[in-house]
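These are my notebook entries on the structure shown below.

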Amino acid sequence: MSAPKLRTRDLCKSFEKDGASIEVLRGLNIDIARGEFVSIVGASGCGKTTFLRLINGLIRASSGSAWIDGREVTAPGGDIAFVFQQDGLLPWRTVLDNAIIGPELQGKNMGEARDLASSYLALVGLRGFEKHYPHELSGGMRQRVNMARALTAGADVLLMDEPFAALDAQTREIMQTELTRIWSETGKTVLFVTHQIDEAVFLSDRVLVFTVRPGRLKEEVAVNLPRPRELALKRRPEFGAYVDRIWKLIEEEVRDSIRRETEEALAAARR
Amino acid sequence: MSFGVAAILWEAVAWWLDNKLFLVRLGAIGERFVELIQSGELIADMRVSFIEFAGGFGLAIVVGIGAGVIMAASRRVRDLFDPWVSMLYATPTIALGPLFMLAFGIGYTSKIALVFLTCVFPILINTLAGLKTTDRTLLEVVRSYGATPRQIYFKVRIPSALPFIIAGLRVSVARALVGVVVAELFGARAGLGFLIFRSAQSFDTAGLFVAVFILAICGVACVEFLKWIEIRLAPWRFNNMDEE
């Protein structure tokens, strides 16, 4: 296998809170190949989002490192783009001006950036909306702009933090198929965080299941379903089998964490 | 529509009272307006008041926004000046008028200083609040695309503070007009406030109302203009209201 696009070694993160140190992530070793689509699922509080923020360089690891193409990540920008759960579009900018923010901040040629942004806006299905303002768009359309913005930034790696969580169920399904199409047309490497197991299975080549705090890799599930994938795939038994398997892994985790939280609360009450 | 009803009511009450000291007919105010224009008095008064207003308000915009930006950028400056700003904002600084007359004379300087002082704080406070309440998501997004602190300031913080700043200007406009009138009441040689003073001294109620109406029209025009700018600058903030 060739060198991985994205690699993390012994990535750990602890936060200080009220004088106590809370370990959020412990010793994550993950390799993601170029052009691979990998999802992370796990119960709430498993540090999925923290993991993305570490890889992006938005926060610094307590120990360990992340590399893109063999180069260590030290600051945001450049090779990685982050797609947030909230679209985070600047409300005073048009769709096009939002999409070009990456090249603009990097001081790149704005003419080229505009052409690039226009073509990516067309790719995400927003041709003709360049001059609209975010408040004139629906939630799904805003997330499309969010994606076009990440693509225009020219990054090879897209980190996506529950980008469809705020959308209604039908829009979400459409956006999932759109994302697989965009991914296959652009050949980007995607690391996708979600709560929804079926979303993870539908989109991914591989699903990483995280344990609850501290977050560790519990198991990885390779999804051997043919591509291109249609929404009808979700009703097939082999799809259901993957979802079941991952849900069982997480279910244990969720029960464990609820039990632990209950015990801790009881212990605190006795004191 | 409601202005029309008010005008009819006004006329009715004026006719019923038949007291030229308290309430005069609108027609009489109109006549006085024409007289004052023809004698050149009104134009001169308006010119003086306009200079006082523009000078004080303009200075307040520059200083208020400037100081707000500096205070938002530096915690130390903020800690040093915040108590003073809060205190002076709550103080009716207009009461310092007589002191200003003594210090700066009855010319433009004292008026401009007083107008400046009455309206600088709302501008400053709104600028500061606007810069401090930037949406965290937006900050994180531009940071994730590699924005420098300088870029974050100019591309996110300032644009997102603009509607706040305009709102501050809207509050200040009204205060500035009050400042002009009151400053002139304390002592002046010309101006709309002085016209009010003069008219009251000579029982010229119509002349007094001419000045009051001109001030009211100017105030409404300024506020409406700023509201229009605010909607143009930040249409997303008014969207929800339209839907109701």
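Entry 1. I began with one helix pair and noted that α5(A) and α6(A) are roughly parallel to each other. The model is a predicted one, and I read every value as computed from it. For this pair I recorded an angle of about 20° and axes 11 Å apart; the angle is under 35 degrees, and therefore the pair counts as roughly parallel. I also looked up the handedness, and the crossing of α5(A) and α6(A) is right-handed.

Entry 2. I then listed the residues by which these two helices meet. Sorted by class, the contact holds four nonpolar and five polar residues, with no charged ones.

Entry 3. Next I examined how helix α4 (residues 110–123) of chain A packs on helix α5 (residues 139–152) of chain A. The angle is about 135° and the axes are 9 Å apart. That angle makes α4(A) oblique to α5(A). Here too I looked up the handedness, and α4(A) passes α5(A) in a right-handed crossing.

Entry 4. Which residues in α4(A) and α5(A) meet? On the α4(A) side I noted Ala113(A), Leu116(A), Ala117(A), Tyr120(A) and Leu121(A), and on the α5(A) side Ala148(A), Leu151(A) and Thr152(A). This contact has seven nonpolar residues, one polar residue and no charged residues.

Entry 5. I turned to chain A as a whole, and counted eight helices and ten strands. Its radius of gyration is 19 Å, close to the 18 Å from the globule rule for 271 residues, so chain A is as compact as a globular protein of that length. Along the principal axes, its C-alpha atoms fill a box of roughly 65 × 45 × 45 Å.

Entry 6. I looked up the contact between the chains, to which chain B gives 17 residues and chain A gives 20 residues. On the chain B side, α7 (136–144) and α8 (149–185) each supply at least two residues. The most come from α7(B), with seven residues. By class, I recorded ten nonpolar, five polar and two charged residues on this side of chain B.

Entry 7. Last, I checked helix α2 (residues 26–38) of chain B. Its 13 residues reach 19 Å from first C-alpha to last, close to the 18 Å expected. After α2(B) comes Gly40(B), with a positive phi near 85°.

Notes: Residues are numbered from 1 along each chain as its sequence is written. Chains are lettered from A and ligands numbered from 1 in the order in which they are written. This is a predicted model: local features need pLDDT of at least 70, side-chain atom pairs count only at pLDDT 80 or more; totals for chains, interfaces and linings use all residues. Helices (H or I, at least four residues) and strands (E, at least two) are DSSP runs, numbered from the N terminus. The expected span of a helix is 1.5 Å times one less than its number of residues. Two residues are in contact if their C-beta atoms, placed from the backbone, lie within 7 Å. Ala, Val, Leu, Ile, Met, Phe, Trp, Tyr, Cys and Pro count as nonpolar, Asp, Glu, Lys and Arg as charged, and the others, Gly among them, as polar. Axes are lines fitted to C-alpha atoms, for helices over the stretch in contact, and angles run from 0 to 180 degrees between N-to-C directions. Angles under 35 degrees count as roughly parallel, over 145 as roughly antiparallel, 65 to 115 as roughly perpendicular and the rest as oblique. A crossing is left-handed if the near helix is turned anticlockwise from the far one by less than a right angle, and right-handed if clockwise. The radius of gyration is taken over C-alpha atoms; the globule rule is 2.2 Å times the number of residues to the power 0.38.
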